[in-house]
Amino acid sequence: MAAKSDILIVGGGVAGLALATRLGDALGKTGEARITLIDKSFSHVWKPMLHCFAAGTAQNENDRISFMAQASGHHFEFWPGEVNSIDRDRKEIVLSPFRSSDGTMVLDGRTVEYDALILSIGSCANDFRTPGVAEHCLFIDDLVEANGFNEKFRMELLRAFATNEELDIAIVGGGATGTQLAAELHKALDIVGLHSFGKAPPKLRITLLEAGPRILPAFPESVSDAAQRELARIGVEVRTSAMVSAADGTGFSLRDGAHIPARLRVWAAGVKAPDVTRGFGGLSLSRSGQILVKPSLQSVDDERIFAMGDCSFIANDPLPPTAQVARQQAHHLARTLPAWLRDKRAIPPCVFRNKGAIIALGNYNGWGTLPGGTVFGGGSLRGLSARLGHLMLYRQHQVELYGLLRGVMSCLADWIDTKVRPSVRLD
């Protein structure tokens with residue numbers, strides 16, 4: 001590279017932060033390129049843990065990684081901001097004005113130039129324009145939304161303790177997020193019962209609504225059936241083939257005429273790209289707003305723009321919106337981008353290797369599937385092996401970002417933290 005290249009990564013999720021870290025260590029450290037990460041938040045969390053933040057069972061600072069600290073330790077830059085549009089002719093992105101939590105203007109709108117732009121802005125739930133959902137439902141697509149739900153959950157629990165009333169919660173979406181959230185909320189109430197103002201904890205009534213014939217459709221049917229039985233055992237009512245037609249301030253209306261009352265209403269169904277992709281310089285999009293890319297992860301319209309993770313869509317080989325896919329795509333670009341920048345060498349196709357899937361229902365049970373659908377975990381062990389496997393995936397993520405020594409120290413700090421702090425958020 002004759003001149004220092006500007007590599008711009010938008011989105012600090014599983015893929016974005018992993019790529020920024022690896023490129024920073026490879027190119028930023030030597031001064032060959034300037035790597036900049038942009039995200040609307042100041043810290044990263046492992047997205048498969050968002051349901052734990054929503055329930056309040058994850059609150060440790062070790063579960064969040066500061067973008068600024070990670071950048072300073074791995075030779076890349078971080079700037080807070082949110083992309084408003086892309087000017088492909090000028091090779092620059094336009095950032096929206098950045099405001100503090102109270103609405104005060106901190107930074108005006110800015111432009112940032114790039115030689116290579118990697119979009120990794122994740123996904124959000126898809127309400128399919130169902131009436132009332134946007135106005136009356138809560139979402140947990142990011143840490144801000146998860147913490148917002150937790151605040152409302154804790155206040156509703158306080159009210160239920162004082163009035164001896166039931167707390168009704170309805171969750172739409174029987175995929176991994178909705179199913180795990182239902183179990184994690186029960187786990188939270190079990191823990192809160194240890195700090196219960198001298199009173200018996202209130203009854204928590206959770207209804208999980210799934211439009212399809214079974215929950216966890218990405219898993220084998222045997223796992224779906226076992227998970228539904230486990231949820232029923234802890235008191236979660238699961239309703240399949242339950243199509244939501246509308247939401248209001250009292251609950252959900254179903255297409256069959258039934259009404260599900262709920263003080264807290266969570267929408268965790270469907271997957272789509274954030275709406276902002278429609279302002280990305282006319283890039284071709286899928287029906288759900290994902291950026292159409294080649295197997296090399298380059299946009300079908302612009303070879304200098306890449307997309308990976310949930311916001312990307314390979315037309316001839318669509319992949320599931322999972323952390324496993326995002327991580328492998330980040331590693332692929334970390335290996336191939338340097339040669340593309342230095343020598344204009346073509347980016348080879350990214351080949352996804354399915355390593356299976358794991359789901360954990362709080363401390364109650366868990367299952368894992370290997371490629372081909374064979375099941376491990378569960379059974380007489382009550383899912384201990386699968387639950388430990390789920391935890392190890394998170395620890396692997398920490399070690400990848402921190403390095404082995406800091407990753408091990410983070411595990412130790414987490415263990416110490418459980419001995420000195422409540423295991424659920426109480427304030």
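In this predicted model, E151 is partly exposed, with a relative accessible area of 39%, where buried means under 20% relative accessible area, exposed over 50%, and partly exposed in between (1.4 Å probe, protein chains only). The model is a prediction in which local features need pLDDT of at least 70 and side-chain atom pairs count only at pLDDT 80 or more, whereas totals for chains, interfaces and linings use all residues. Residues are numbered from 1 along each chain as its sequence is written, and side-chain values use heavy atoms, with hydrogens and water left out.

Side chains of opposite charge can pair when their charged atoms come close. The structure holds 19 salt bridges, each defined as a side-chain nitrogen of Lys or Arg within 4 Å of a carboxyl oxygen of Asp or Glu. One of them joins E151 to R154, with the closest N and O atoms 2.7 Å apart. These two residues are three apart in helix α5, and they are therefore separated by about one helical turn; helices (H or I, at least four residues) and strands (E, at least two) are DSSP runs, numbered from the N terminus.

E156 is buried at a relative accessible area of 15%, while R263 is partly exposed at 43%. Both residues also belong to a network of salt bridges that links E156, R159, E165 and R263. Elsewhere, R345 pairs with D343, the closest N and O atoms being 3.6 Å apart; here R345 counts as exposed at 52% relative accessibility, and D343 as partly exposed at 47%.

Aromatic rings were examined next. Rings of Phe, Tyr and Trp (its six-membered ring) pair if their centres lie within 6.5 Å, and planes under 30 degrees apart count as stacked, over 60 as edge-to-face and the rest as tilted. By this rule there are seven aromatic pairs. In one of them, the rings of F42 and F98 have centres 5.9 Å apart and planes at 75°, so the pair is edge-to-face. Since F42 lies in the loop between β2 (33–39) and β3 (43–44) and F98 in strand β8 (residues 98–99), the pair ties together parts that are 56 residues apart in sequence. F42 is partly exposed, with a relative accessible area of 43%, whereas F98 is buried, with a value of 15%. The rings of F149 and F153 have their centres 6.1 Å apart and their planes at 5°, so this pair is stacked. F149 and F153 are four residues apart in helix α5 (residues 143–163), and are thus separated by about one helical turn; both are buried. One aromatic cluster is formed by F42, F67, F78 and F98.

A disulfide is a covalent bond between the sulfur atoms of two cysteines. With the criterion of a pair of cysteine sulfur atoms within 2.5 Å, a search of the whole structure finds zero disulfides. The sulfur of C350 is 14 Å from the closest cysteine sulfur, in C311, which is too far for a bond. C350 is buried, with a relative accessible area of 14%.
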